[in-house]
Amino acid sequence: MSFKQVLKQRLAPCLLPLFILLVWELSTRSGRLSSHVLPEPLAVVRAAWQLIQSGEMWADVKVSGARALAGLVVGGGLGLVLGLATGLFKPLEIALDSTIQMIRNIPVLATIPLVILWFGIDESAKLFLVALGVFFPMYINTYHGIREVDRGLIEMARSYGLSGWALYRDVILPGALPSILVGLRFGLGLMWVTLIVAETISAQSGIGYMTMNAREFLQTDIVLVGILLYALLGKVADVLAKSLEHVLLRWHPAYQQGAKA
Amino acid sequence: MSVIAWSSSFSPIAGLDLESELRQQLDCAADTGTERRLGLAPPGDVDAALRLNGIGKRYGTREVLSDFNMQIERGSFVAIVGRSGCGKSTLLRLLAGLERADAGTLQTVGRDGDLHTRIMFQDARLLPWKSVLQNVMLGLPRRPAAQSLARARAVLDEVGLSERANDWPAQLSGGQRQRVALARALVHQPELLLLDEPLGALDALTRIEMHALIERLWREHGFTAVLVTHDVHEAVALGDRVVLIEAGRIALDQAVTLARPRTRDTAAFAALEGRVLQRVLHGEASGQGTN
């Protein structure tokens, strides 16, 4: 790749964001933009640096991350297990699937008043909301992944003597895996959305607490740090899920480098 | 090398009613063409790997196979041709045990009890998440692993793909995938290999290569082969016997006595191919009545 091409491909996409940052910085410095609306970018960086140095940021990220992870494990785990169960066993599908499909049409965030009544505003409410948010994409994609496994492959495997656990391990589960991983990525997205909302309602710690606290004192720079933190964590989760796909689906044509033989 | 046994008159093994038996005999009597020259061979004379008696199969109200009778000699190569929907693939799926017959009996005779059968499908049906070698090892005993591994490698070498052992199926061409599928079937050392139009999707050159490969492996391993195809040329090139199925019945049972390996540009080959093709295209008009 020539230097010119590198310039085009790597630098060109950065021009617009840099331009926006510059205009933003200049307009806050000149006083056209009140720092109550938007603090200057440098102030955001300074606030972030202070939060890092005081250790507050790390503590809050840890708390929020733990909540997200717990919700993911509980909701995602349940979704995976139930999706596998209904996908694999007809009686369970008949008994459970239509009910779950019905409940899934309720937006998770619409249940907040009820959740507050049930759990109050402590940790279990947040766990419940996040778990509920992750559960449905995980369930639906697992269920569909299993249903969509190529019948021809199953027939082939049976005629080659595979049955029971070997059939699940070698054919059905790997066949459903791409769909399950799509469910995981959707679930991760919803995990952060529900966590942000849950932490904004009420929290004594975490990123949501940090931003809501800063709002009380009009510290718009810290509010922005919080927003950027959520964005960063969301991105990190997505990158992790993507690399998981790259490892687990390395057989998939979409993940293979180089031309076909 | 083959002895053709088209027999309808031997004693019913189970549940063959008198009426259908009679009808069959009438069919046979009306149908004493040259193709059926061995039709009178008594059943006991042939070392048959498969005996089909009065097999019937219907999907809903559509009768795919009716009162179907055939014997397949052990070690022979039988090519089954016919138009789409004539029941040839259904027949193969019955032989593979993927479907159950609604009527009649299907008797398989293995050297020691069960007839060890493997099928090769139209699409290779390789597991995309397993490497080529792992695909070949599918269904082999996991222990001792070294032994299974060695066998899989040996068979992969036989189909000429040992260098691709660690590739994913998605990285192979269509012909290579079918070769892996062939290796996967052969690693089980089947007595009966069923081929369900395995070359249908391949280009002409690859197909000719595959013909040679299949023929060579068939000679080396000595299994019984049943090939379903709609390509009459392929059937004549490979079969000891070309069986034409029409409307769920055998319409032609043609012995192919050309020497192997077969050269395709001889007059005898062309004549035979032309004859079968004529029969496929024009049905009873050019052949003799089948009632």
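The model is predicted: local features need pLDDT of at least 70, side-chain atom pairs count only at pLDDT 80 or more, and totals for chains, interfaces and linings use all residues. Residues are numbered from 1 along each chain as its sequence is written, while chains are lettered from A and ligands numbered from 1 in the order in which they are written.

**Helix H6 of chain A**

Helices (H or I, at least four residues) and strands (E, at least two) are DSSP runs, numbered from the N terminus. H6(A) covers residues 123-147, and its end C-alpha atoms are 36 Å apart, which agrees with the 36 Å that its 25 residues should span at 1.5 Å a residue; the expected span is 1.5 Å times one less than the number of residues. At Phe135(A) the helix bends by about 25°, with Pro137(A) following within four residues. The bend is the angle between axes fitted to the seven residues ending at a residue and the seven starting there. Of the 25 residues of H6(A), 20 are buried. A residue is buried if 20 or more other C-beta atoms, placed from the backbone, lie within 10 Å of its own, exposed if 12 or fewer, and partly exposed in between.

**Chain B**

Chain B has 8 helices and 9 strands, and 43% of its 291 residues count as buried. Six of the strands form an open sheet with mixed pairing, in the order E5-E6-E7-E3-E8-E9. Two edge strands each pair on one side only, where pairing requires at least two DSSP bridges.

| Edge strand | Residues |
|---|---|
| E5 of chain B | 117-120 |
| E9 of chain B | 249-255 |

Within this chain, E3 (residues 77-81) and E7 (residues 224-228) run parallel and are joined by 4 bridges; Phe77(B) has Ala225(B) as its bridge partner in E7(B).

Ala145(B) lies in helix H4 (residues 145-158) of chain B. Ala145(B) counts as exposed because it has 11 C-beta neighbours inside 10 Å. Its C-alpha atom is separated by 18 Å from that of Ser162(B), 17 residues apart along the chain.

**Contact between the chains**

The contact takes 16 residues from chain A and 16 residues from chain B, where two residues are in contact if their C-beta atoms, placed from the backbone, lie within 7 Å. On the side of chain A that touches chain B, helix H7 (151-159) and helix H8 (164-201) of chain A are the elements that give two or more residues. H7(A) provides the largest share, 5 residues.
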